[in-house]
Each structure stands twice: as C-alpha cells, then as structure tokens.
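Here is a friendly walk through one model. Have a look at the chain first, and then we can go through its make-up together.

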Amino acid sequence: QVQPVESGGGSVQAGGSLRLSCAASGYTSSSYYMGWFRQAPGKEREGVAAIYTGGASAYYADSVKGRFTISQDNAKNTLYLQMNSLKPEDTAMYYCAARKGPVMGWIYSSPPAYNYWGQGTQVTVSS
C-alpha cells in the first residue's frame, strides 16, 4: 500500500517559484507511475505532470511545459514538482498520485489511472 504525502505548498507572487514534495511510503518498486494533479475550486482535477519510475520519460500538461519540472529521488522515495514562473492560474490544490505499473494504455493525465492519492497541498499565486 502506497501512501503519498504532499508538502511544500504555500503562497507566492506571480513569477515566483515553489517546490512540492511527495513522500510515498510503501513505494519500493521501480515500476510506478507517479503524477501530480491540481484542482481549482469549481474545476475538474487536471493532470499536471507525471513520470514512470521504470523509464526515463516525463509528461507535462501544455499549460506548464517549460515552467514545471517533475523529478524523483529513489533513495528517499520522494517525488518533486519544481514550479517556476508561477501564474495566478496555477492556483489550486495540488495532489500527488501513484499507481503500480506497467499498465497497458496508461494515460498520465487521467485521475482514474491512479489508485493512490495524497491529501493535497495548497498553492496560491497572487498577481
């Protein structure tokens, strides 16, 4: 059982940076899909970035490409999301999610593609 726990959220002005962390206890396999999602009030949860720990590829939503970077520290069982050049529209609750792979037809941005979720960390970007 993987239990993601997010941290690192906060309030920042537009143009600033934050780094989110996701400590995933119980995550010992090298074949996990790990993703970051966000949900703003009144909006659907959307995929922001994801990686497959058994491969080298990272996936990003178009809205964050070039500004956000997803990375992992296997020794610490921790996933990160470095967020630079933040915009007010990045304001949302950010969630870490995981799923053991490999999975045929996995879609990184689809919430049902993950079965372990953290409680979320709030990111607020002011203009």
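Of the 127 residues of the protein chain, 43% count as buried, where buried means under 20% relative accessible area with a 1.4 Å probe, protein chains only. This is a predicted model, in which local features need pLDDT of at least 70, side-chain atom pairs count only at pLDDT 80 or more, and totals for chains, interfaces and linings use all residues. Residues are numbered from 1 along each chain as its sequence is written, and side-chain values use heavy atoms, with hydrogens and water left out.

The protein chain holds 0 helices and 11 strands; helices are DSSP runs of H or I with at least four residues, and strands are E runs of at least two, numbered from the N terminus. Its radius of gyration is close to what the globule rule gives for 127 residues, so the chain is as compact as a globular protein of that length. That radius is taken over C-alpha atoms, and the rule is 2.2 Å times the number of residues to the power 0.38.

| Property of the protein chain | Value |
|---|---|
| Radius of gyration | 14 Å |
| Globule rule | 14 Å |

Now to the start of the chain. Strand β1 (residues 3-7) has Pro4 and Glu6 on its covered face, while Gln3, Val5 and Ser7 make up the uncovered one. In a regular strand the side chains alternate between the two faces of the sheet. β1 pairs with strand β3 (residues 18-25) in the antiparallel sense over 5 bridges; pairing requires that DSSP finds at least two bridges between the strands. Gln3 has Ser25 of β3 as its bridge partner.

Conventions
Buried means under 20% relative accessible area, exposed over 50%, partly exposed in between (1.4 Å probe, protein chains only).
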